Amino acid sequence: MLNALTLVTGVAALLLAAWCGWAAYRDQPTKDWHFIGMAVVTLLGVIQLVVGIVQLARGEKAEQGTTIFVAYLLGAFACIPAAGMMSLAERTRWGSVTVAAGAVVLAVLEVRLYDIWGG
């Protein structure tokens, strides 16, 4: 898998976590700008999902197994959209906390994806 894409996605997720964490610290809900940030991180997740599936289709194999790799790819893809939907349901600072937590989870998933692929 592309190590640079995994790194960029993980760093973008951590930046989103810090941004939403700062909003939560200031007692603010997620705002439109946060959703633009979530869209950017989600786009990186979509690109990573497509690249991972294409590499598997070309015959490349994940070191720790294809099934676990695809499961982590799908989890990484769905992480930020799920957190964003939950933040819409909770329009207080806890919505920002939810997105920050989801972004941290995505960063951890990126590290695990790197490990599963054989990095």
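**Close-up views of a predicted helical model**

Over residues 94-114 the chain is 100% helix and 0% strand, with the end C-alpha atoms 30 Å apart; helices (H or I, at least four residues) and strands (E, at least two) are DSSP runs, numbered from the N terminus. This is a predicted model, in which local features need pLDDT of at least 70 and side-chain atom pairs count only at pLDDT 80 or more, while totals for chains, interfaces and linings use all residues. Residues are numbered from 1 along each chain as its sequence is written, and side-chain values use heavy atoms, with hydrogens and water left out.

**View 1. Helix 1 against helix 4.** The axes of helix 1 (residues 3-25) and helix 4 come within 8 Å and cross at roughly 160°, where axes are lines fitted to C-alpha atoms, for helices over the stretch in contact, and angles run from 0 to 180 degrees between N-to-C directions. The two helices, helix 1 and helix 4, are therefore roughly antiparallel to each other, a label given to angles over 145 degrees, whereas those under 35 count as roughly parallel, 65 to 115 as roughly perpendicular and the rest as oblique. The residues making the contact (heavy atoms within 4.5 Å) include Thr6, Gly10, Ala13 and Ala17 of helix 1 and Ser96, Ala100, Ala103 and Tyr114 of helix 4.

**View 2. Two salt bridges.** Side chains of opposite charge can pair when their charged atoms come close. A salt bridge is a side-chain nitrogen of Lys or Arg within 4 Å of a carboxyl oxygen of Asp or Glu, and by this rule the count comes to 2 salt bridges. In one of them, Glu60 pairs with Arg58, with the closest N and O atoms 2.8 Å apart; Glu60 is partly exposed at 29% relative accessibility, and Arg58 is exposed at 60%. Here buried means under 20% relative accessible area, exposed over 50%, and partly exposed in between (1.4 Å probe, protein chains only). Arg112 also forms a salt bridge, with Asp115, at 3.0 Å between the closest N and O atoms. Because Arg112 and Asp115 are 3 residues apart in helix 4 (residues 93-117), they are separated by about one helical turn. Arg112 is partly exposed at 27% relative accessibility, and Asp115 is partly exposed at 38%.

**View 3. Two buried residues.** Thr42 is found in helix 2 (residues 32-57) and counts as buried at 18% relative accessibility. Not counting residues up to four places away in sequence, Thr42 touches Ile80 and Pro81. Ile116, in helix 4, is buried at 0% relative accessibility. Leaving aside neighbours within four places in sequence, Ile116 is in contact with Ala62, Glu63, Gln64, Gly65, Ile68, Phe69 and Tyr72.

**View 4. Asp27 in a loop.** Asp27 is found in the loop between helix 1 and helix 2, and with a relative accessible area of 52% this residue is exposed. The phi angle of Asp27 is near 65°, a positive value in a residue other than glycine.
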